[in-house]
Structure formats: C-alpha cells, structure tokens
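Hello,

Here is the structure I promised to pass on to you. Please open it alongside this note, and my findings follow below.

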Amino acid sequence: VALVGVVIALAAARAMGLGKAEASVVGAGCGVCGASAAAAAAAASKAPPDTAPWSILTLTIVGLLAIPIMNAFAASAGMSGLELSVWRGLALPEVAHVVIADVNVGADGASQGMLAKMSRVAALGPIIALIAIYADAGRGRSWRETLSLPLYLWAFLILMALSLAGLIPQPIVEAATLVGAVILAAAMAAIGLAFQRRRPSLAEA
C-alpha cells in the first residue's frame with residue numbers, strides 16, 4: 001500500500017511539473033508517514049531547502065481536510081467504524097491524523113487503524129532507499145554516495161525498528177509520543193509563521 005501510494009503521488013507530482021527531488025518528497029509524505037517521510041525523502045533526494053517545509057504544510061492541511069470527507073463517504077457507504085478506521089490508517093498521511101480521526105472510535109477500531117498506519121511507517125527505510133536511487137539516477141555517483149543518509153535519519157530508522165519489535169518500554173513510548181506531538185505542533189507553527197508570499201518588486205511589475 002505504501003509503495004503504491006508513493007508511486008501514484010510521485011507520478012501526479014511529476015505530471016504537475018515538479019522535479020524528481022520535489023516529487024519524491026511529496027510522494028514519500030503521501031505514501032508513508034507525512035512529515036517524517038517528507039523530511040527523510042528531502043535529505044535522500046537532495047531536494048532544495050524549502051521543499052520539505054512546503055510539502056509538510058501541504059500534507060498537514062490535506063490530511064485534516066480528508067478526515068471529514070472520508071467520514072461522509074463512509075457514512076453514505078454504510079462502512080463500519082472498524083472499516084473506516086483501517087481505511088484511515090491506510091490513507092491518511094500523518095500518524096497524528098489517524099489518532100485525531102479515531103478519537104471517537106472504540107479501542108479495537110483505533111488499534112486496527114493504527115496497526116494499518118504503522119505497517120506503512122515500517123516501509124519507510126526501503127522506500128527512502130528507492131527514492132535516493134531514483135532521484136540520483138543520471139548523476140554518475142556511486143551507490144554508497146547515493147545511499148548516504150544523515151545520522152538523524154539512521155537514528156529514526158533504528159528507533160522505529162526497536163519500537164516495532166516491542167523493545168522500547170511502553171512508558172517511554174508514550175512520553176516520546178507526547179514530546180513528538182508537541183515538537184510537531186511547534187514545527188507546524190514555525191512553518192506557518194515563516195510563510196511569506198513573495199511580492200513582485202517595482203522592477204518586476
């Protein structure tokens with residue numbers, strides 16, 4: 001599911017005129033896990049500095065708008081709460097989107113939705129490697145240079161693997177989740193505050 005989502009989003013971004021690196025960032029964010037995947041893809045594809053912030057802002061807004069649309073469709077289609085939760089886990093870009101959307105769902109439905117979402121998150125490492133290869137095609141660099149990733153990304157992948165394997169105590173996971181939510185909210189606020197529409201100068205007018 002994650003790979004299909006990445007390919008579709010990447011193809012759509014390319015069709016709209018985005019370059020390889022920019023399209024890779026959008027594709028990873030849509031298909032895997034939103035902001036984290038977009039930041040990782042930006043580093044792997046050597047995208048321009050402003051690519052990740054714009055992509056993260058777009059993914060956050062699109063995910064929030066998608067929640068009520070999915071709810072309305074599910075109601076008209078007669079989907080159960082469990083089916084809707086799993087669909088959210090397979091479709092929404094951010095883990096936070098799934099948590100927010102499932103706030104009124106029972107524990108079983110919410111856990112199944114999060115399980116579906118985490119199955120996509122688990123694909124982050126291989127997909128980022130494929131994106132690095134795709135974005136670097138034609139540059140004549142060695143595979144070691146292509147797959148050289150920042151240390152923070154390796155740390156993220158290692159911690160994700162440890163968490164999925166159940167090797168991190170639950171209290172630490174819960175505390176880290178809370179801290180992560182606060183940091184993500186601060187990052188979104190910073191992106192919004194830094195957003196400035198470029199105005200043409202008199203010479204350009």
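Axes here are lines fitted to C-alpha atoms, for helices over the stretch in contact, and angles run from 0 to 180 degrees between N-to-C directions. Helices are DSSP runs (H or I, at least four residues), numbered from the N terminus. This is a predicted model, where local features need pLDDT of at least 70 and side-chain atom pairs count only at pLDDT 80 or more, while totals for chains, interfaces and linings use all residues. Residues are numbered from 1 along each chain as its sequence is written, and side-chain values use heavy atoms, with hydrogens and water left out.

Let's start with H2 and H3. Helix H2 (residues 20–33) packs with helix H3 (residues 35–45) at an angle of about 150 degrees, and their axes are 7 Å apart. Residues in contact (heavy atoms within 4.5 Å) include Ala21, Ala28 and Val32 of H2 and Ala35, Ala38 and Ala42 of H3. By class, this contact of H2 with H3 has 10 nonpolar, four polar and no charged residues. Ala, Val, Leu, Ile, Met, Phe, Trp, Tyr, Cys and Pro count as nonpolar, Asp, Glu, Lys and Arg as charged, and the others, Gly among them, as polar.

Next comes H1. Helix H1 (residues 2–15) packs with H2 at an angle of about 145 degrees, with axes 7 Å apart, and this crossing is right-handed too. Among the contact residues are Val6 and Arg14 of H1 and Lys20 and Gly27 of H2. The contact of H1 with H2 has 10 nonpolar, four polar and two charged residues.

H1 also packs with helix H8 (residues 124–136), at an angle of about 30 degrees with axes 11 Å apart. H1 and H8 are therefore roughly parallel to each other. Tyr134 is one of the H8 residues in that contact.

Best wishes

Definitions and conventions
Helices (H or I, at least four residues) and strands (E, at least two) are DSSP runs, numbered from the N terminus. A crossing is left-handed if the near helix is turned anticlockwise from the far one by less than a right angle, and right-handed if clockwise. Angles under 35 degrees count as roughly parallel, over 145 as roughly antiparallel, 65 to 115 as roughly perpendicular and the rest as oblique.
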